[in-house]
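Dear colleague,

I am passing on the structure we spoke of, with the sequence alongside. Please have it open while you read the notes that follow.

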Amino acid sequence: MPLLSVEDLRISFHQRDQTVEAVKGVSFALEAGRTLAIVGESGSGKSVTALSLTRLLPEPPNCRVTGAIRYQGRDVLGLDRRSLQALRGKEIAYVFQEPSSSLNPVFTVGAQIAEAVRLHLPEIKDVEAHVIRALEQVGIADAARRHTSYPHELSGGMQQRVMIAMALACRPKILVADEPTTALDVTIQKQIIDLLRDLKTSTGMSVILITHNFGIVRGFADDVAVMYRGLIVESGPTEEILSRPKHPYTQALIACIPRLGARQRRLATIDHAAIARALETKI
Amino acid sequence: MKSLLLEVYRRPLGRASLFVLIALYLGALFAGFLATQPVNSQDLAHTYHPPTPIVWHDGGLAVPDYRVVDKSGPRYERTGEYHRLRLLAPGFEYRLLGLLPLQRHLVQPVDPSAKVYLLGSDSTGRCVFSRLVYGSRVSLLIGLVGITITLFLGLLVGGLSGYFGGRIDFFAMRGVEFLMAIPSLYLLLALRSVLAPRFNSDQMFVVIVIILSLIGWAGAARVLRGMSLSLRRRQFVLAAESMGQSPLRILRLHILPNLASYLLVAATLSIPGYILGEAALSFLGLGIAEPASSWGLMLSQAQNIKIFMLNFWWLLTPGVAMFVTVIAFNLLGDVLRDIVDPRMKTQ
């Protein structure tokens, strides 16, 4: 049995008399210890899919989620509020895109991590030591002093490390990283991805990486699911998808990765009309 | 919090208003000690007595003696005699902070029959200065109590409806709008006549606070709703939710602390509204009633045309006190706002 399985997930948003179907029947499964990358452009429904895993989307009637999400065989969509809160953070934790706005500006970072620890691991007596260990684990130098810093005193990369420390402090089984590097510059991106890879191997957790960047998928994810307009258009092992993409959208997306030393004058862009034509002829 | 006070202290305006307010509140706390006469000891032989200056006479503090020259005016002139004053001398009995019975006062005449009117006397010969310090209790306390109730209600309704949104928000905000649509002075008068047909002045104080807060909370609720709505959309709230925190914990731990600076500024800036509200009610004869004392009530006595014609200016001193208090609160609020939100700084 997979750790997490999603079957025919459909998510639609309702506003006044308008309905937008953001996810139109997505299915995937995540085994324990594996890493799944969900790749797609803005608006493809990947972030909404990630948020729906612990029902972080707005409540009905504004938003409707159907299908099945099973975590260790339990139906997430049927959980009551209390068990849902026990699931969030403890079993499935998140790291979001923008670290500076994910941290509450009026508290020290240590206090914010401690809050999560007290909530989910009440058996831990020395919370401060646990927090410092969590910060050391994500490579923050001088953690004993840094945990009393306020978010604005840290750089973007440090803030993202804090967010990762917070997510990992309660030892979740699944880490959902929703574009964790998009707001960071390229050198820091690499550091964060390397850090996530190290933590993944040392803790044995599963990771769902949401990204629009095929560049960081290689060497990080075991499997890839490509999302386009609310559907998973192609999925499979990373190497296979990267070397032999079948779907025209995947091919176009891979062609967009800039390569050093390549003799390209212009960067490739995605021609949606061409993809639509290709899809129609296929059908 | 401590650093905020320090920051206020570093600015000249902030420091000045802080000192004025501290002095006023100390005056209200130790009104009995400062007062020279009981709050309602009348003396019909000395109505409209002019203020007696404290002078240095014959090696000690003293006040000049006055006698009536024209009873209809009435007009007074100095006799050339002086009454000796003593500092920290025993006088009428009062209760310090409402508990400790004491007799010591800041200044008292050596001869108990001598008249000391530091700010003159009113139409029934009561000491205006003593009534002013006693009356400051009402005016100064009403702002603090009123704003506490107002912000509590505003935070409860506004914070919750902004956070939860949807139907709760809709109904709460329509209720607030309904309340705001009623002209507040008429609502004030209507509530006053419904709530309190005949009350003594302690009960009346409570009633006035309740009335003013019931009118004031709607505006605060709307602002706080907007703020909690925008905080709700911030990613750290989503992050807290994704950590499995309950809505009430998120409200308490993440929304409320981010509202705190606004609350502090709003509180300081709206306290004058309560002071003036009480004054307006008392001025109209609907607030604190005789023989108790409040600034608005004292001012209502000064409406008399005689006061202006015969230049009994000292009866207007409650207005001056009110002006100073209101200005001090407003300046302090401005300074606080500049510290909390430097972008709002007035050039």
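The crossing of H4(B) and H5(B) is left-handed, and please bear in mind throughout that the model is predicted. Helix H4, residues 128–164 of chain B, packs against helix H5, residues 166–181 of chain B, at an angle of about 145 degrees, and their axes lie 7 Å apart. On the side of H4(B), the contact is made by Val157(B), Ser161(B), Gly162(B) and Phe164(B), while H5(B) brings Gly166(B), Ile168(B), Asp169(B), Ala172(B), Met173(B) and Val176(B). By class, the residues of this contact comprise six nonpolar, three polar and one charged.

I then turned to the interface between the chains, where 17 residues from chain B meet 24 residues from chain A. The area buried between chain B and chain A comes to about 1,800 Å², with carbon and sulfur atoms giving 60% of that area. Within chain B, the residues that lose the most area to chain A are Gln235(B), Ser242(B) and Met243(B), which together account for 35% of what that side buries.

As for specific interactions, zero salt bridges were counted between chain B and chain A, whereas ten residue pairs are in polar contact, counting pairs with both residues at pLDDT 80 or more. On the side of chain B that touches chain A, the elements giving two or more residues are helix H8 (235–242) and helix H9 (247–283) of chain B, and this side as a whole has seven nonpolar, seven polar and three charged residues.

With best wishes

Definitions and conventions. Residues numbered from 1 in each chain as written. Chains lettered and ligands numbered in written order. Predicted model: local features only at pLDDT ≥ 70, side-chain atom pairs only at ≥ 80, totals over all residues. Heavy atoms only, no water. Axes fitted to C-alpha atoms, helices over the stretch in contact; angles between N-to-C directions. Helix = DSSP H or I, 4+ residues; strand = E, 2+ residues; numbered from the N terminus. Left-handed = near helix turned anticlockwise from the far one by under 90°. Contact = heavy atoms within 4.5 Å. Nonpolar A, V, L, I, M, F, W, Y, C, P; charged D, E, K, R; others polar. Buried area = accessible area lost by both parts, 1.4 Å probe. Salt bridge = Lys/Arg side-chain N within 4 Å of Asp/Glu carboxyl O. Polar contact = N/O pair within 3.5 Å; in protein donor to acceptor, adjacent residues only side chain to side chain.
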